[in-house]
Amino acid sequence: MSTEGEAKELTEVEQLQLTIKERDTQIAQLQDVYRRALADQENMRQRTQRELVDKEQFAIQKFAKQLLDTADVLSMALDAVPETKREENQDLKNLWVGVDLTRKELLKTFKHFGVEPYDPMGEKFDPNMHTALFQAPMADKEPGTVFHVTKVGYKIKDRVLRSAQVGVVQG
């Protein structure tokens with residue numbers, strides 16, 4: 001009987017060991033699922049945070065883009081009045097000063113919201129930053145260089161809001 005009892009005990013011990021191994025496997029699987037769920041949650045939190053920051057930084061983008069034409073018109077108005085005419089006519093000079101102050105205030109507001117102009121005069125042409133309106137051969141300048149800026153470009157937080165419209169030296 002003792003051999004029969006020992007065999008019975010041995011199989012019970014083996015069964016308990018098997019059950020423990022199964023439970024350990026289940027625990028390991030559940031821990032893996034738990035860790036993956038935590039990682040997914042953390043990734044989602046970080047992605048949402050990045051999206052909120054981007055949305056906050058670039059929320060002004062459409063509005064600012066609409067105002068760029070206004071800044072251009074103010075610059076053209078200032079350029080249209082020669083200095084000699086301003087000196088001759090005090091009313092014209094006062095109007096010019098008012099337009100200049102308005103333009104400066106608009107640019108200051110742009111800067112406050114992260115919108116900054118950039119003038120690529122003399123830089124190498126970059127299709128990501130510039131739109132070439134025309135090309136012209138120039139012996140004294142390196143081909144592919146910006147030699148004329150029709151409209152300055154604008155960036156918002158290192159992202160191009162409007163590319164600069166330029167003339168490029170033909171190569």
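Me: What volume does the largest pocket have?
Reply: Happy to start there! Keep in mind that this is a predicted model. Rolling a probe the size of a water molecule over the atoms shows where empty space is left. For the largest pocket, that space comes to a volume of about 240 Å³.

Me: Which residues are the closest to the centre of the largest pocket?
Reply: The lining of this pocket is made of 13 residues. Helix 2 (61-80) and strand 3 are the elements that give two or more residues to that lining. The closest to the centre are Asp72, Ser75, Thr150, Lys151 and Val152.

Me: Which element gives the most to the lining of the largest pocket, and how many residues does it give?
Reply: By class, the lining holds six nonpolar, two polar and five charged residues. Two elements, helix 2 and strand 3, each give two or more residues to it. The one that gives the most is helix 2, with five residues.

Me: How many bridges join strand 2 to strand 6?
Reply: Let's look at how these strands line up. Strand 2 (residues 130-136) and strand 6 run parallel. Within this pair, threonine 131 stands opposite glutamine 165 in strand 6. The number of bridges joining strand 2 to strand 6 is six.

Me: Do strand 3 and strand 6 pair in the parallel or the antiparallel sense?
Reply: Strand 3 covers residues 146-151, and four bridges link it with strand 6. Here lysine 151 stands opposite glutamine 165 in strand 6. The sense of this pairing is antiparallel.

Me: Which element supplies the largest share of the largest nonpolar core?
Reply: This core has 14 residues, and Phe110, Val115, Tyr154 and Leu161 touch the most other members. Helix 2, helix 4 (90-112) and strand 4 (153-156) each supply at least two residues. The largest share, five residues, comes from helix 2.

Me: Which residues is phenylalanine 110 in contact with, leaving aside its neighbours within four places in sequence?
Reply: Phenylalanine 110 is one of the core residues that touch the most other members. Once the neighbours within four places in sequence are set aside, its contacts are Ala64, Leu67, Leu68, Ala71, Val115 and Tyr154.

Me: What is the phi of lysine 157?
Reply: Most residues other than glycine have a negative phi. Lysine 157, found in the loop between strand 4 and strand 5 (159-162), has a positive phi although it is not a glycine. Its value is about 50°.

Me: Which residues does lysine 157 touch, not counting residues up to four places away in sequence?
Reply: The C-alpha atoms of lysine 157 and glutamate 116 are separated by 8.3 Å, though these residues are 41 residues apart along the chain. With a relative accessibility of 41%, lysine 157 counts as partly exposed. The residues that it touches are Gln57, Phe58, Phe113 and Gly114.

Me: Is aspartate 158 buried or exposed?
Reply: Aspartate 158 also sits in the loop between strand 4 and strand 5, with a positive phi of about 70°. Exposed means over 50% relative accessible area. Aspartate 158 has 76%, so it is exposed.

Technical notes:
Residues numbered from 1 in each chain as written. Predicted model: local features only at pLDDT ≥ 70, side-chain atom pairs only at ≥ 80, totals over all residues. Heavy atoms only, no water. Pairing = 2+ DSSP bridges. 1 Å grid on protein atoms, 1.4 Å probe; cavity = no way out; pocket = protein on both sides within 12 Å on 5 of 7 lines; lining within 4 Å. Points joined across faces, edges and corners; volume = space filled by probe spheres on them. Nonpolar A, V, L, I, M, F, W, Y, C, P; charged D, E, K, R; others polar. Core = buried A, V, L, I, M, F, W, Y, C linked by side-chain atoms within 4.5 Å. Buried < 20%, exposed > 50% of the residue type's maximum accessible area, 1.4 Å probe, protein only. Contact = heavy atoms within 4.5 Å.
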